[in-house]
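Dear colleague,

I am handing over a structure that you have not worked with before, and my notes on it follow below. Please look through the sequence and the model first, and then read on.

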Amino acid sequence: MDHLPLDGKIALVTGAATGIGRATVLGLAQAGASIWINHLGQCERAEQLCREVDSSGGQARHIEADVSSAAAVAGMFEEILADGPLDLLVNNAGVIMEKPFLDTTEQDWAQVLGVDLHGVYRCCQHALRHMQPRGYGAIVNVASDLGFLGRSDYAAYCTAKAGVIGLTRSLAREFAASGIRLNAVAPGPIATAMVSPEHMSAEWMAKELDIPMARLGTPEEVAAAIVFLLSPQASYFTGQVLGPNGGSWMGA
């Protein structure tokens with residue numbers, strides 16, 4: 001059997017039961033990694049994903065934890081690391097909220113940043129404490145093109161995703177000498193449950209579809225970028241932000 005690029009590596013993917021997280025789990029499994037599937041209240045879907053990975057010859061387990069809770073994240077890492085080392089981390093868990101800024105409450109703000117930014121901080125900190133003494137590790141944080149662009153009525157989300165980009169680049173500089181790479185992806189509009197009429201206004205959907213490639217991206221297209229950044233092929237990538245976005249953002 002051909003050697004796979006991530007053979008023997010152990011990965012944790014947060015928010016992994018659906019969407020980009022789910023596609024990333026499948027992509028990592030195809031690349032040879034064993035995966036911890038983090039979720040919140042998605043046991044049935046997580047179990048189904050584990051069975052899908054196992055049936056294809058991979059290894060996956062699921063673990064429930066709310067990344068907006070410091071105690072829950074600590075407990076998750078305690079359980080994972082008691083079982084063995086962690087080589088790879090994908091911070092994908094996220095929430096989004098469409099609300100005018102002047103109507104955004106303290107609770108709204110805390111809810112979005114609690115998952116989308118503070119959750120990334122917590123998971124990175126636990127992972128890096130483990131990875132640094134080992135001198136190896138790779139982390140990919142899922143941001144958004146809106147972290148660059150901004151958008152009316154999405155101040156909390158855009159702020160959180162801009163923070164993820166800044167955090168990724170800062171940590172990349174701090175931990176490069178320790179042999180740890182940190183990168184981010186900043187997807188544009190992707191065909192997931194988050195980008196749907198249930199969560200987005202019709203006006204938003206119409207505006208976002210008017211992008212150069214004139215279509216939504218797929219979770220698999222984002223997952224491919226994530227798997228690449230975690231792989232040995234990206235050994236000279238750190239502090240970078242890849243943008244699978246159909247041309248919605250073309251900045252540096």
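Two strands are said to pair if DSSP finds at least two bridges between them, and the helices (H or I, at least four residues) and strands (E, at least two) are themselves DSSP runs, numbered from the N terminus. Please bear in mind that this is a predicted model, in which local features need pLDDT of at least 70 and side-chain atom pairs count only at pLDDT 80 or more, while totals for chains, interfaces and linings use all residues. Residues are numbered from 1 along each chain as its sequence is written, and side-chain values use heavy atoms, with hydrogens and water left out.

I begin with strand 6. Strand 6 (residues 180–185) runs parallel to strand 5 (residues 137–142), and 6 bridges join the two; within this pairing, V142 stands opposite V185 of strand 6. Strand 6 is also joined to strand 7 (residues 241–242), again in parallel, by 2 bridges, and there A184 stands opposite V241 of strand 7. Strand 6 is largely enclosed by the rest of the structure, because 6 of its 6 residues are buried (buried means under 20% relative accessible area, exposed over 50%, and partly exposed in between, with a 1.4 Å probe and protein chains only). Both faces are covered, with I180, L182 and A184 buried on one side and R181, N183 and V185 buried on the other.

The other findings concern charged side chains. Side chains of opposite charge can pair when their charged atoms come close. Counting a salt bridge as a side-chain nitrogen of Lys or Arg within 4 Å of a carboxyl oxygen of Asp or Glu, the total comes to 4 salt bridges, and I describe some of them here.

One of them joins the side chains of R22 and E52, at 2.4 Å from N to O. This pair links distant parts of the chain, since R22 lies in helix 1 (residues 19–30) and E52 in helix 2 (residues 43–55), 30 residues apart. R22 is partly exposed at 28% relative accessibility, and E52 is likewise partly exposed, at 28%.

R61 forms a salt bridge with D83, with 2.7 Å between the closest N and O atoms; this pair also links distant parts of the chain, R61 being in strand 3 (residues 60–64) and D83 in helix 3 (residues 70–83), 22 residues apart.

A salt bridge also connects D108 and K99, at 2.7 Å from N to O. Here D108 counts as buried at 9% relative accessibility, whereas K99 counts as partly exposed at 26%.

With best regards
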